[in-house]
Amino acid sequence: MMNAPFIHESSYVDDDVVIGQGTKVWHFCHIQRGARIGENCSFGQNVNVGNNVHIGNGVRVQNNVSIYEGVEIEDNVFCGPSCVFTNVNTPRAHFPTHGVYAKTLIKEGASLGANSTVVCGHTVGRSALIAAGAVVTHNVPDFALMAGVPAKRIGWVCECGKRLDDSFICSCGRKYRMDESGFLHKDAE
């Protein structure tokens with residue numbers, strides 16, 4: 001039996017919002033109209049979830065993160081403290097976009113380190129790991145370890161988060177292979 005969502009009394013949840021069972025929304029959060037949040041998520045202090053944002057199950061969003069309209073987050077993603085999303089490539093106060101936002105997709109199991117930035121219009125691949133402070137300015141492949149400004153691939157990581165060596169066999173037992181295009185794929189278990 002699942003628990004009902006927990007919403008701290010200092011947080012605001014607008015109308016037309018769906019929050020899944022077992023999800024916790026902590027202090028000073030704002031969940032805006034049309035947001036869809038899955039089960040067993042956790043939103044730390046001072047998180048803003050924008051209008052019409054879709055967030056999967058098991059997502060962990062740490063303190064001081066704003067997830068703007070145009071961002072979609074799949075299951076089991078980790079958003080570190082103060083990580084940043086954008087939703088307009090050329091923002092101007094005097095030329096509003098009127099709801100036209102560049103789509104950003106964070107795929108299942110990815111982790112975004114503290115103070116990292118994902119510039120809008122890009123996809124962060126499945127189980128990718130974005131280092132603290134990195135700035136993502138292009139699509140990130142599955143299992144990529146990205147660091148720097150702008151972020152560059154500095155290695156590969158296992159689904160469990162450990163860095164892989166050249167054998168592509170993790171100490172946890174998972175195995176990977178490189179395809180002819182230079183992308184990493186997990187072998188069947």
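This is a predicted model: local features need pLDDT of at least 70, side-chain atom pairs count only at pLDDT 80 or more; totals for chains, interfaces and linings use all residues.
Reader: Thanks! How many helices and strands does the protein chain have?
Author: Helices (H or I, at least four residues) and strands (E, at least two) are DSSP runs, numbered from the N terminus. On that basis the protein chain has 0 helices and 24 strands.

Reader: How does the radius of gyration of the protein chain stand against the globule rule, and what is its value?
Author: The radius is taken over C-alpha atoms, and the globule rule is 2.2 Å times the number of residues to the power 0.38. For 189 residues the rule gives 16 Å, and the chain comes close to that, so it is as compact as a globular protein of that length, with a radius of gyration of 17 Å.

Reader: What percentage of the residues is buried?
Author: Buried means under 20% relative accessible area, exposed means over 50%, and partly exposed lies in between (1.4 Å probe, protein chains only). Of the 189 residues in the protein chain, the buried share is 40%.

Reader: How many salt bridges are there?
Author: Side chains of opposite charge can pair when their charged atoms come close. A salt bridge here is a side-chain nitrogen of Lys or Arg within 4 Å of a carboxyl oxygen of Asp or Glu. By this rule the count is 6.

Reader: Which residue forms a salt bridge with Arg 174?
Author: The closest N and O atoms of this pair are 3.0 Å apart. Both partners sit in the loop between strand 22 (152-156) and strand 23 (176-178), 15 residues apart. Arg 174 is partly exposed at 24% relative accessibility, and its partner is Glu 159.

Reader: Where does Lys 186 lie, given its salt bridge with Glu 159?
Author: The closest N and O atoms of Lys 186 and Glu 159 are 3.0 Å apart. Glu 159 is in the loop between strand 22 and strand 23, so the pair ties together parts that are 27 residues apart in sequence. Lys 186 itself is partly exposed, with a relative accessible area of 22%, and it lies in strand 24 (residues 184-186).

Reader: Which residue does Asp 187 meet in a salt bridge?
Author: The N to O distance is 3.4 Å. Asp 187 lies in the segment after strand 24 and its partner in strand 23, so the pair ties together parts that are 10 residues apart in sequence. At 29% relative accessibility Asp 187 is partly exposed; the partner, partly exposed at 43%, is Arg 177.

Reader: Finally, which residues is Ser 42 in contact with, leaving aside its neighbours within four places in sequence?
Author: Ser 42 is found in strand 7 (residues 42-43) and counts as partly exposed at 21% relative accessibility. Its C-alpha atom is separated by 5.7 Å from that of Thr 23, 19 residues apart along the chain. With contact meaning heavy atoms within 4.5 Å, the partners of Ser 42 are Lys 24, Trp 26, Val 59, Arg 60 and Val 61.

Methods: Residues are numbered from 1 along each chain as its sequence is written. Side-chain values use heavy atoms; hydrogens and water are left out.
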